[in-house]
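Trainee: I'd like to learn how to read a protein model. Can we go through it feature by feature?

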Amino acid sequence: MDRERKIEIEEVEGVAPPAKARVSDVVETFERKRDYLEGFLSQKPAEPAGAAPGGDLYEAVIEALKDIYDPEIPVNIYDLGLIYDVEITPDRHARVKMTLTTPHCPVAESMPGEVELRIGAVPGIGDAEVELVWDPPWDPQKMTDEAKLELGML
């Protein structure tokens with residue numbers, strides 16, 4: 001530790017510029033590889049896989065609907081029978097027809113918006129549209145057996 005450090009300074013007049021790359025040098029040694037995206041980009045979009053009832057996309061939308069619960073009844077809106085129709089268009093838009101237990105339901109303003117948000121978040125769905133209908137009116141017979149069992153109606 002007792003060693004002294006020596007600092008050496010070297011003065012220079014200038015530095016030679018680095019050699020520039022020449023295009024002619026590169027072209028001779030570079031071979032263009034096949035564009036792997038060319039075939040992919042020329043393909044037309046596939047029809048939505050599973051848009052029909054029983055398909056993967058349709059089932060994913062149904063699962064999203066089963067995650068939404070009626071705030072007054074401890075049953076999801078799908079098993080409660082509030083969903084009348086689910087349609088997936090060829091361009092992956094989801095259309096849902098639904099109702100509520102009564103037109104005076106406290107969530108009449110917020111429930112359709114929540115359904116749109118949940119369905120729109122399903123991977124593969126481009127857009128979601130919810131139509132609130134009152135005809136035919138909802139009645140307890142529209143519930144699934146699982147919902148009736150949960151509510152002690154069986």
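Predicted model: local features only at pLDDT ≥ 70, side-chain atom pairs only at ≥ 80, totals over all residues.

Trainee: Which side chain does D139 meet in a salt bridge?

Mentor: A salt bridge here is a side-chain nitrogen of Lys or Arg within 4 Å of a carboxyl oxygen of Asp or Glu. D139 pairs that way with K142, at 3.8 Å from N to O. K142 is partly exposed because its relative accessible area is 31%.

Trainee: How many salt bridges turn up in the whole structure?

Mentor: Three. R95 bridges to E87, with the closest N and O atoms 3.5 Å apart. R95 has 37% relative accessibility, so R95 is partly exposed, and E87, at 36%, is partly exposed too. Then R118 pairs with E114, where the closest N and O atoms are 3.6 Å apart.

Trainee: Where do R118 and E114 lie?

Mentor: Both are in helix α4, four residues apart, about one turn of the helix. For the naming, helices (H or I, at least four residues) and strands (E, at least two) are DSSP runs, numbered from the N terminus. An α-helix has 3.6 residues a turn, so residues three or four places apart point the same way. R118 is partly exposed at 33%, and E114 is partly exposed at 30%.

Trainee: Which residues of α4 are buried?

Mentor: Helix α4 covers residues 111-120, and its buried residues are M111, P112, V115 and I119. Looking down the axis of α4, you'd find these buried residues within an arc of 100 degrees, so they line one face of the helix. That arc is taken from the directions from the helix axis to the C-beta atoms. Their cover includes α3 (56-65), β2 (93-98) and β3 (127-132).

Trainee: And which residues are buried in α3?

Mentor: L57, Y58, V61, I62, A64 and L65. Down the axis of α3, the buried residues fall within an arc of 160 degrees, so they too line one face of their helix. They pack against β1 and α4.

Trainee: What does the largest nonpolar core look like?

Mentor: In soluble globular proteins, nonpolar side chains tend to be buried together. We call a nonpolar core a set of buried Ala, Val, Leu, Ile, Met, Phe, Trp, Tyr and Cys residues joined through side-chain atoms within 4.5 Å. The largest one here has 30 residues, and L65, V115 and I119 have the most contacts inside it. At least two residues come from each of α3, β1, β2, α4 and β3, and α3 gives the most, with six.

Trainee: What does V115 touch?

Mentor: Contact means heavy atoms within 4.5 Å. Not counting residues up to four places away in sequence, V115 touches L65, I68, I77, M98 and V130.

Trainee: Is D79 buried or exposed?

Mentor: D79 is buried, yet has no salt bridge. The nearest side chain of opposite charge is K66, 4.5 Å away. For charge, Lys and Arg count as positive and Asp and Glu as negative, while His and the chain ends are not counted. D79 sits in the loop between α3 and β1 (83-88).

Trainee: Last one: how many helices and strands does the chain have?

Mentor: Five helices and three strands, in the pattern α-α-α-β-β-α-β-α along the sequence. Buried residues make up 27% of the 154 residues in the chain.

Conventions
Residues numbered from 1 in each chain as written. Heavy atoms only, no water. Buried < 20%, exposed > 50% of the residue type's maximum accessible area, 1.4 Å probe, protein only.
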